[in-house]
Number of protein chains: 2
Amino acid sequence: MSDLAKYAHKTASNARVAARRLAGANSALKNEWLRKSAAAIRRNTRQLAAANRADLDAAPGYGLSTAAIDRLRLTDQRLEALAASLEEIVTLFDPVGEVIEGYVRPNGLRVTKTRVPLGVVFFIYESRPNVTVDAAAICVKSGNAVVLRGGKEAFHSNAALHAVLVESLVECGLPADAVQFVSTTDRNAVGEFLALGDLIDVTIPRGGKGLIERVAAEAKMPVIKHLDGVCHVFVDETADLDMARRIVLNSKAQRPGVCNALETLLVHARIADRFLPAVASDLGAAKVEIRGCSRTRELIRAAVPATEDDWPTEYLDLILSVKVVEHLDEAIRHIETYGSHHTDAIVTSDVRSAARFTSEVDSAAVIVNASTRFNDGGELGLGAEIGISTDKFHARGPCGLREMTSYKWIVHGDGQTRV
Amino acid sequence: MSDLAKYAHKTASNARVAARRLAGANSALKNEWLRKSAAAIRRNTRQLAAANRADLDAAPGYGLSTAAIDRLRLTDQRLEALAASLEEIVTLFDPVGEVIEGYVRPNGLRVTKTRVPLGVVFFIYESRPNVTVDAAAICVKSGNAVVLRGGKEAFHSNAALHAVLVESLVECGLPADAVQFVSTTDRNAVGEFLALGDLIDVTIPRGGKGLIERVAAEAKMPVIKHLDGVCHVFVDETADLDMARRIVLNSKAQRPGVCNALETLLVHARIADRFLPAVASDLGAAKVEIRGCSRTRELIRAAVPATEDDWPTEYLDLILSVKVVEHLDEAIRHIETYGSHHTDAIVTSDVRSAARFTSEVDSAAVIVNASTRFNDGGELGLGAEIGISTDKFHARGPCGLREMTSYKWIVHGDGQTRV
């Protein structure tokens with residue numbers, strides 16, 4: 001066994017031991033840890049800023065863009081936001097011990113299906129150091145031990161934040177190994193952890209498509225994938241066109257670089273001539289480039305031609321592909337052909353179109369008359385999220401505390417035997 | 001692409017198309033199919049028996065034991081039981097469309113988390129042909145298309161049963177490809193299907209440990225594993241000893257060849273001298289061989305010595321390992337060290353021991369004062385099961401209709417946008 005393999009094995013084994021203890025920790029204690037960690041972040045802003053400085057100094061060497069360097073920066077305001085987010089997780093319902101179902105069988109057996117933590121989470125992420133704190137908080141509050149593997153660009157910031165979190169664990173009498181941080185930037189370390197199917201219960205990669213696909217291919221344990229969002233809005237013939245304009249603009253331009261942002265607009269042919277010029281002026285004002293089908297280009301002079309490559313593309317940028325469709329069926333077919341089953345919306349006043357769209361579009365979130373940007377843990381009421389699953393298995397869409405749990409069957413009898 | 005790869009790809013693609021249609025089929029139609037299939041099985045007993053005869057004739061050539069040949073046999077009585085089991089699934093609640101959660105967000109968005117089918121299931125199983133019918137019924141009722149891969153020993157029986165099921169699908173106007181049967185016994189076919197991570201949503205292997213481990217290692221999609229059950233009963237010092245005798249005997253001997261049968265008995269040292277001789281006489285009458293620790297052997301003359309290899313062993317036979325432990329902690333530690341996290345029971349009158357056992361033993365089912373044999377879909381009220389998951393991810397313990405579903409987030413607004 002290589003040193004790296006030994007390191008991964010020891011780290012994951014320690015996490016397992018911590019996970020067993022953490023599974024029995026009650027909410028009061030886990031919440032105390034969250035509050036103490038928030039206080040410690042506020043108390044240690046100077047040390048955290050110094051660690052962050054080391055990353056910022058190294059950033060040009062990694063070839064980071066100005067925008068990426070800005071995301072890396074831990075300002076006082078961002079540290080305060082981090083502390084506040086920990087305090088928000090205090091207020092969330094602890095899913096551990098929640099009874100999902102419970103009933104009495106005809107023979108008198110009392111059965112409950114009760115939530116338990118998954119166990120050990122391996123969390124791989126890139127860039128922003130605030131993710132270190134969020135992920136640790138969600139894992140620990142849901143009773144899971146976590147092994148954090150951050151990007152090399154944020155190594156010093158992550159290590160400093162990790163140290164603060166561990167100090168608070170120890171202060172609360174919780175196992176220090178409940179939150180571990182991979183202390184090497186060696187790329188091969190990830191592979192060593194992914195091989196430990198017996199010790200790690202789930203791996204969650206958050207980052208680019210390449211990372212996620214590599215992790216899914218290598219991992220010997222379940223993976224919660226967080227792949228791309230080729231999201232659509234379909235404006236139906238019965239849509240309130242003012243509402244549709246607001247929804248399209250918000251879905252595309254409110255934050256174009258995220259997975260639930262709009263990438264392709266589909267417009268019913270009957271209202272295309274009224275709707276497209278109007279929405280084009282909104283989008284133009286927001287500096288959105290339009291790539292349109294031929295019908296679209298007849299109605300929007302500024303549109304450039306869309307090619308077959310545009311329809312399955314997640315731009316993550318101020319670019320929108322636009323297509324005029326004959327009817328709801330064509331819209332649904334387009335979404336099923338080119339979409340990524342992430343988030344798709346319809347704007348309509350017709351109850352049957354709404355029902356067909358929500359039933360037939362097979363996406364994690366299907367939205368009627370609202371922005372695609374609402375497929376988000378905070379917006380859907382989960383309070384905090386560790387990612388948005390593009391899988392159908394175990395968890396779909398935003399993953400909050402509950403999605404980090406499994407369950408056990410607890411059965412109470414008074415001597416029942418099977419006949 | 002090899003012919004086998006092409007065949008797998010075409011089969012799985014057809015299943016995907018069928019799955020889309022099936023997802024929108026309402027319960028009435030799916031139930032009609034179940035009833036028509038039951039009637040067709042009753043109508044076609046002669047043809048089914050003839051197909052079964054071909055398998056029975058070939059069985060000695062496969063080296064099947066007399067017991068295995070008996071399990072393969074489709075008698076009139078067994079065919080009637082098969083038809084009746086389809087009618088039972090008619091009575092089960094259809095999980096598709098079930099609202100798991102629903103609420104209104106502060107901004108007025110109405111959110112529901114609604115069950116949808118997983119999609120396409122690849123089901124691999126061995127021996128008994130009745131599994132063909134059960135698995136198809138569970139998959140279709142939960143809105144999933146299924147590709148069935150049975151054992152070669154039951155090939156003709158499975159093919160004949162499959163033909164009956166498909167005929168009923170067509171009669172009901174449901175897609176014939178909702179239930180497909182792998183029409184080759186080529187062993188490499190399984191590998192071709194396991195590679196189709198984009199077309200198949202979940203693989204469920206049911207059979208020996210070797211099969212399941214191979215499938216888990218090769219599959220490019222999620223797998224619901226159904227591994228071994230090294231199940232324990234711990235008889236606490238406060239146990240009602242008569243109850244404990246009944247539970248131990250039932251757990252071990254009622255059906256020793258199944259995964260929820262008892263394999264290791266743990267007995268509290270304080271009651272070992274009263275309990276062990278009594279339970280040994282029950283077990284002796286049931287022809288159970290006892291392999292005991294040294295303390296056990298002092299109390300049970302007939303016991304042979306247990307070795308370190310016995311504790312993690314699933315005998316699936318009339319053999320029981322027995323160990324005397326000092327206290328609850330040692331019992332829990334033993335179970336966590338040697339058990340397989342399947343089914344573990346405690347017999348106790350002490351509420352704190354019961355609570356600690358159910359909380360600290362990390363098994364799919366933890367049982368107080370009842371037989372381990374109750375960890376079963378029928379017994380726990382799921383109505384029918386496609387397997388007992390030994391995973392923590394997605395589904396744990398018995399998998400019935402609900403466990404064959406995912407969910408989608410359905411959001412209704414009236415023009416909401418994000419700020």
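**Close-up views of a predicted two-chain model**

**View 1. Strand β13 of chain A pairs with strand β16 of chain B.** The two strands, β13 of chain A (residues 365-370) and β16(B), run parallel and are joined by five bridges. Strands pair if DSSP finds at least two bridges between them. W409(B) in β16(B) is the bridge partner of A365(A). Helices (H or I, at least four residues) and strands (E, at least two) are DSSP runs, numbered from the N terminus. This is a predicted model, in which local features need pLDDT of at least 70 and side-chain atom pairs count only at pLDDT 80 or more, while totals for chains, interfaces and linings use all residues. Residues are numbered from 1 along each chain as its sequence is written, and chains are lettered from A and ligands numbered from 1 in the order in which they are written.

**View 2. The contact between chain A and chain B.** Chain B gives 50 residues to the contact and chain A gives 50 residues; two residues are in contact if their C-beta atoms, placed from the backbone, lie within 7 Å. On the side of chain B that touches chain A, at least two residues each come from α10 (241-253), α14 (351-360), β13 (365-370) and β16 (405-416). β16(B) supplies the largest share of that side, 11 residues. The side of chain B that touches chain A comprises 21 nonpolar, 19 polar and 10 charged residues. Here Ala, Val, Leu, Ile, Met, Phe, Trp, Tyr, Cys and Pro count as nonpolar, Asp, Glu, Lys and Arg as charged, and the others, Gly among them, as polar. Because 100% of the interface residues of chain B are also interface residues in chain A, the copies meet through the same surface.
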